[in-house]
Amino acid sequence: MNELGDVAWPPAPIRTERLVLRESEARDRPAFVELLASPEVNTYLGGPRPRDELERALPAVPGRFPGGFVVELDGKMIGQVLLRRATEHRPAAVGKIDLGYLFLPRSWGSGYAAEACAAALDWLDSVLPGEPVVLATQTANTSSMRLAAKLGFAELERFHAWDADQWLGLRPPAVPSA
């Protein structure tokens with residue numbers, strides 16, 4: 001049993017037209033350091049972490065937990081998609097699956113985040129049918145707001161936290177086919 005409930009983890013790699021979503025491996029560690037140390041990636045997430053701190057603190061295989069997908073393009077990690085049960089969030093989000101994502105700047109603007117998130121949500125719908133999903137982002141993060149709309153999230157509420165205006169969206173549960 002894990003945050004996602006009684007879901008077998010890890011699943012077989014998920015393949016899209018261009019990407020592979022899979023469990024983290026040791027070879028992904030340098031990309032995780034780059035991702036978490038990137039000022040661009042962390043603009044709306046409280047800022048980057050110091051690279052030397054990450055080098056010391058990250059485990060040999062970072063990001064390995066149920067719901068954590070590495071996004072791979074041409075054999076290399078370009079980002080991460082996270083599906084976790086919201087526990088300490090806005091009251092409207094608690095208990096729901098929370099979608100998160102981080103992508104290296106060199107992969108921005110090519111639709112990889114939309115492709116990877118859609119694949120992860122399709123997988124979630126197949127293993128936890130009827131599960132609602134939330135997504136939170138700063139209102140200033142217009143790219144994330146556009147992606148949320150593209151993925152079918154509708155505004156649930158706006159609020160102020162972490163010294164910024166935030167947006168919480170809800171993706172209604174997929175209706176299982178009969």
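Let's start with what helix 1 packs against. Its buried residues pack against helix 2 (51-57), strand 3 (68-73), strand 4 (76-85) and strand 5 (97-103). Keep in mind that this is a predicted model.

How many residues of helix 1 are buried? It is 7 of the 9, across residues 29-37, so the helix is largely enclosed by the rest of the structure. Buried here means under 20% relative accessible area. The buried set is Arg29, Ala31, Phe32, Val33, Leu35, Leu36 and Ala37.

Now the pockets. The largest pocket holds about 1,500 Å³ of space. Its lining counts 44 residues. Which of them lie nearest its centre? Those are Leu45, Tyr101, Ala136, Thr137 and Ser144. Several elements give two or more residues to this lining: strand 4, strand 5, helix 3 (112-127), strand 6 (133-138), helix 4 (142-150) and strand 7 (154-161). By residue class, the lining splits into 20 nonpolar, 15 polar and 9 charged.

Next, the second largest pocket. Its space is about 250 Å³. The lining residues are Phe32, Leu36, Asn42, Leu45, Gly47, Arg49, Gly63, Phe65, Gln80, Leu82, Arg84 and Leu102. Helix 1 and strand 4 are the elements that give two or more residues here. Which element gives the most? Strand 4 does, with 3 residues. The classes come out as 6 nonpolar, 4 polar and 2 charged.

Back to helix 1 for a moment. Phe32 and Leu36 are among its buried residues, and both also line the second largest pocket. Leu45 is worth a look too. It is one of the residues nearest the centre of the largest pocket, and Leu45 also lines the second largest pocket.

Conventions:
Residues numbered from 1 in each chain as written. Predicted model: local features only at pLDDT ≥ 70, side-chain atom pairs only at ≥ 80, totals over all residues. Heavy atoms only, no water. Buried < 20%, exposed > 50% of the residue type's maximum accessible area, 1.4 Å probe, protein only. Helix = DSSP H or I, 4+ residues; strand = E, 2+ residues; numbered from the N terminus. Contact = heavy atoms within 4.5 Å. 1 Å grid on protein atoms, 1.4 Å probe; cavity = no way out; pocket = protein on both sides within 12 Å on 5 of 7 lines; lining within 4 Å. Points joined across faces, edges and corners; volume = space filled by probe spheres on them. Nonpolar A, V, L, I, M, F, W, Y, C, P; charged D, E, K, R; others polar.
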